[in-house]
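Trainee: I'd like to learn how to read this one. Can we go through it together?

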2 protein chains.
Amino acid sequence: MHQAASLTTYGCPSCPMRGCGVCRMLSEAELSSIGIIGRAVPAGQDLFSQGEPCGDVFNILDGWVFLYELLEDGRRQILQFGLPGDFIGLRPSGRVPFFGAQALSQVSICAIPRHRLLDLARRRPELAFELVRIVASDESQAYERLTALGRKTAVERVATLLLELFYRIRRRAPQAAGEILRIPLTQTHLADALGLTPVHINRTLGVLRQRGVIDYGNGLFHILAPHRLFEIAGVDAETCPWPRGDDGSPPSLQ
Amino acid sequence: MHQAASLTTYGCPSCPMRGCGVCRMLSEAELSSIGIIGRAVPAGQDLFSQGEPCGDVFNILDGWVFLYELLEDGRRQILQFGLPGDFIGLRPSGRVPFFGAQALSQVSICAIPRHRLLDLARRRPELAFELVRIVASDESQAYERLTALGRKTAVERVATLLLELFYRIRRRAPQAAGEILRIPLTQTHLADALGLTPVHINRTLGVLRQRGVIDYGNGLFHILAPHRLFEIAGVDAETCPWPRGDDGSPPSLQ
DNA sequence: CGCGATTTTGAGCACCTTCAATCCGTGTGG
DNA sequence: CCACACGGATTGAAGGTGCTCAAAATCGCG
């Protein structure tokens, strides 16, 4: 709550994401004219819901979010995780979203009216261009997860997701060295993201722990054998599609 | 071969896709300055390959294409099908593609140098904007397939894919009424797209045939009971993310 | 006609699911 | 301080969906 207050009080200049993604492209004047609203969302609450029109796109300042689709009978697929610095909610305009977005932890977001952003993008080519970059990167990640769900075994899927999260966390926080990650997901979240059941996720994590590849507990994941994790995931560090540092280099692991 | 010749001979003005997608946004002068090359690709050949740099994006004029990712051991995941009128190859620039694109049948394409297109997009917001629309739409389709692979059973997946293809085919060819589709995919393609084995695809199609929902053979699929197909797929005709007609209306089925 | 690719069918198996019980850490109330 | 509830993690046992291996049938095509 006070985070939201601080956002509206101090505004964009002091925002930790001022230099990231879309905001990097905009002047102070543009940012203030666009009507951005800082907001805190409690854990478990929807930023927007499946089937309900939502006129905003969101910049995630702090906390994690996940995009999900629900089937009639309650089955849930997690489509993507949103980390600090990510933009979510960009999609073909004029369509009701067929997926929702929910806060995993308490989340600080910045809501940007979609039509304002798009109006601006119509006049500012670099901005429109940045949007292409963002959506194309999201698409790459979706493709990578498709391969995992369609063609990888449970162990391979879990290893792949851990590596993806490692890359994405480290990209925004390169100073945090070491192979310990804070991942605010329950095993049920992992299951819904990877097309498995919570029970089987548990056994699979157990296998990885028993093999000495990772250790975990209390929301922390410790990557003990990075090399073997890559091997198991079937991921090539060079060609993997996950976000790089701004210099294009992959975050180091080990 | 002669198709490629006709493309280079007559050029863009006579192209069937002149009024579609990206090309719609460009003037004759821009199109000719951008260095577009019409080309025919024989069935089974790659437009671009996984891991090999490719400087072009492609507009599909005729025939089908599929995007795929290969794992080390030969497992293949089909990420997306490209139909006439689709744009493929847009992705974060400067990255080697982690997936390939292969012609399903003989295909007529139009190769556009990526950097030229992007340079142009940097100066023409509506063009960049159209790119956002295209990639966002692709992303939606990827998300929808993610849900299918992660949370749907084999029958549900097959039904979902058939509906997707129905929508996409009908969108570009609304005049072709009826519920018979020409789908140039082997059961192995369906398997690789849906995360199943060819054998199980066969049995699943058999189930749908036996239930009187579809009939098929010789590359043709006949949707006998559209309503039941929607039901089985768990798809809502109103909110499904597949492309609409230019007036925003879904293609009619039944 | 004969060959290769594709489709179809059968039988056994495995990965993952389902159902269920237990354990554990945390927060809450008596 | 302990009892209790609650969400999440863990473990066990049984079952099913989809896989593997294999062979036969069908189709397209030279």
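Trainee: Through which surface do the copies meet?

Mentor: First, this is a predicted model, where local features need pLDDT of at least 70, side-chain atom pairs count only at pLDDT 80 or more, and totals for chains, interfaces and linings use all residues. Residues are numbered from 1 along each chain as written, chains are lettered from A and ligands numbered from 1 in written order, and side-chain values use heavy atoms, leaving out hydrogens and water. As for the surface, 100% of chain A's interface residues are also interface residues in chain B, so the copies meet through the same surface.

Trainee: Is Thr147(A) buried or exposed?

Mentor: Buried, at 1% relative accessible area (buried is under 20%, exposed over 50%, partly exposed in between, with a 1.4 Å probe and protein chains only). Leaving aside neighbours within four places in sequence, Thr147(A) contacts Lys152(A), Glu69(B), Leu71(B), Gln77(B) and Leu79(B) (heavy atoms within 4.5 Å).

Trainee: Which residues have the most contacts inside the largest nonpolar core?

Mentor: Nonpolar side chains tend to be buried together in soluble globular proteins. In this 83-residue core, they are Leu47(A), Phe81(A) and Leu47(B) (a core joins buried Ala, Val, Leu, Ile, Met, Phe, Trp, Tyr and Cys through side-chain atoms within 4.5 Å).
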